[in-house]
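Have it open beside you and take the points in order.

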Amino acid sequence: MKVGLMMIEQLSELYGRQIPSRDVSPSLLNDSAVCRRPAFDGAYCQRCGQSADRRSTTLPNGAIYCPHCIQMGRLTSNDELCTIAEPNQFTSRLPALTWTGVLTTLQAACSHRIQAAFEQRQDTLLWAVTGAGKTEMLFPGIAWALEAGLRVAVASPRVDVCLELAPRLQAAFNAVDQAVLYGDMKGAYQYCQLTICTTHQLLRFYHAFDVLVVDEVDAFPFASDPGLKYASEQAKKPNGALLYLTATPSDWLQRAARKGELVMTYLPIRYHGHLLPEIKVVRTRDWRAKMHQGRLPDRLVRQMRENFTHRRRFLLFAPHVADLPALKRALELTFPGETVVTVHATDPERHAKVSRMRSRELNFLVTTTILERGVTFPEIDVFVLGAEDQVFSTAALVQIAGRAGRSASDPDGAVRFYANQLTEVIKTAQQQIKFVNRKARRIQHDSVRPM
Amino acid sequence: MTQCVLCERVVAPVIDLKKLLDFSPLTVPQLCQICQGRFVAIPPDQSCPKCGRHQEITTICPDCTQWGIDEPFINRALYEYNEAMKTFFSDYKFRGDFRLRKAFEADMKRAINVSHADVVTIIPVDEQTLQTRGFNQVVGLVGDYPVVALFETQTTNKGKRQSERNRHDRMTAPQPFRLTPPATSLIAGKRVLIIDDVYTTGRTIRHAASLARAAGASWVQGLTLAHG
């Protein structure tokens, strides 16, 4: 059963939350501690902050409903949102942090700044490059908040990231009660000091968190859904601290930082201390038409041949699932001896294929954007065919480039974008990587200089 | 520019030479090709002649033989109740996204017109469901087509939702409807078409049909969006 469909029976389940009145048991509704406010202000949904179009969302009974956050249970203008002001009722046990790992000097410096931001209740943007080791840097700050008896949440737009994060946080703070919330979870909601959830679940919170960390703000669906940004601002207490984590800050985040609404913190160096591989763009001429005739751009063929001779493995990205069959055929015609394996998001053999690449059984893997995040293969190069395609956002391209050079044993990897045009999106991705590398060089330079 | 009702992709009307030369208004499909492709339409010549189930042959299906060959009820279903249809109903009915009612409006209207019925009616939902959902999902499906309320729900001790009951519970369920006061005068000697959203066991719609027949309708048929 889904979380949203369960009737709320206990007062503590309303601490810092906002639950439609029909999901709250009638005996609780009349409790004096429960604060109720209308779910709509005019056409504006008070849960996700977006406006409902009266023409299409008026129900026969005259009420309107919000189509934007309907996946969390429909909210109509007849509903009320119930909340109880967050009381921070935790029995904190000291010390909270049971993690015994060590941060690099740079990570430690960054984590001090994070903790300071939490203490001063500042909204912060941490721009940490792909492969920087973000999670561990959060630990000291979270430990401080937990020991101070504050309520903390770590949210990510992606369920798989939450599920990967939860055991790591549980291990790092094993004396602290932890709730993990996502759409298809089993079991009921529980009031806990530490919450790990998808950003959608933040729509159910109201002024709850003293410290709220939102990971991967550049990822789908957070980046394209203004309701989730609204939810994250509303889920924290008015005087709470909000920390956005990203490897590729979008325009609105950079603008907010420039305007001083957010404090920007950088971690431009990977945990192994090396710079990000930079993107080299190679121009192609109508690669797609060529590909359908079974041919590939000469420069790509030459590059791949070189990789095969040096036994250097690589990922080849293509824009669309629909491109994969023709690309596979063209590759098989060009390199008759090689095994060509393609993988995409709804591929039933997706996991098997990825693990064949990981076990070095394959020399390369052809894929769409699904492998842009979270997947780490050591010692690989990254090639993108058709980088000019609209399907690639700046964030996606930076993430794709970030697949190269992730291991300490091989911190450099080639990143080549084969594109018909040098688009603004590609240029911005190149600039972002150059920008953090410039910052990184300055730090490397400072650290070798005698103090 | 219109958007697909389900996935919000932009849908453009198909304009070919024939469309250009005849002066009928341009119709824009409500669903994009990708979404439409997920639904399986049931062709009338590949279905059970009694309940409208999608099958290769046109003999009466095993479920319908259980109802008895002489049982006069006939139903037509437009689509299979496949995964896509299940998702549609869970979004439309249970989640309550009223906008989705438009998805199959044109299909339903076309089927109503083909039936040449005198009176078109719908299966009612009980008061409590109407309160929480805010709309009758069957009325929504036919859009602005004028329907007559012939049936209303009787208060039975409805513990569970229809979709939560098993086949046996459903088959032995007592008559849930009664005729509305003006119904008898409206349907005596008329062709009556009863519309519902999904045909599952056929129990519900047959309860309604037997009331209509008892009130003197000359012809009673069912039309459902889905069968499964």
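1. Start in the loop between H3 and strand S6 (124-128) of chain A, where A:Arg121 sits. In this predicted model, A:Arg121 has a positive phi of about 55 degrees although it is not a glycine. Its relative accessibility is 29%, so A:Arg121 counts as partly exposed.

2. Next, look at A:His207, in the loop between S9 and S10 of chain A. Here too phi is positive in a residue other than glycine, with a value near 50 degrees. A:His207 has 28% relative accessibility and therefore counts as partly exposed.

3. For a cis peptide bond, go to A:Phe220 and A:Pro221, where omega is about 0 degrees. A:Pro221 belongs to the loop between strand S10 (209-214) and helix H6 (226-235) of chain A.

4. Now the helices. H3 (residues 105-119) and H4 (residues 134-147) of chain A pack at an angle of about 30 degrees, and their axes are 8 Å apart. That angle makes H3(A) roughly parallel to H4(A). Their crossing is right-handed. On the H3(A) side, the contact includes A:Ile114 and A:Phe118, and on the H4(A) side A:Leu138 and A:Trp144 are among the residues met. The residues of this contact comprise eight nonpolar, four polar and one charged.

5. Finish with helix H5 (residues 159-172) of chain A. Its 14 residues should span 20 Å at 1.5 Å a residue, which agrees with the 20 Å between its end C-alpha atoms. Among the buried residues of H5(A) are A:Val161, A:Leu165 and A:Leu169. The buried residues of H5(A) pack against H4, strand S7 (152-156), strand S8 (178-181) and strand S9 (194-198) of chain A.

Definitions and conventions:
Residues are numbered from 1 along each chain as its sequence is written. Chains are lettered from A and ligands numbered from 1 in the order in which they are written. This is a predicted model: local features need pLDDT of at least 70, side-chain atom pairs count only at pLDDT 80 or more; totals for chains, interfaces and linings use all residues. Side-chain values use heavy atoms; hydrogens and water are left out. Axes are lines fitted to C-alpha atoms, for helices over the stretch in contact, and angles run from 0 to 180 degrees between N-to-C directions. Helices (H or I, at least four residues) and strands (E, at least two) are DSSP runs, numbered from the N terminus. Angles under 35 degrees count as roughly parallel, over 145 as roughly antiparallel, 65 to 115 as roughly perpendicular and the rest as oblique. A crossing is left-handed if the near helix is turned anticlockwise from the far one by less than a right angle, and right-handed if clockwise. Contact means heavy atoms within 4.5 Å. Ala, Val, Leu, Ile, Met, Phe, Trp, Tyr, Cys and Pro count as nonpolar, Asp, Glu, Lys and Arg as charged, and the others, Gly among them, as polar. The expected span of a helix is 1.5 Å times one less than its number of residues. Buried means under 20% relative accessible area, exposed over 50%, partly exposed in between (1.4 Å probe, protein chains only).
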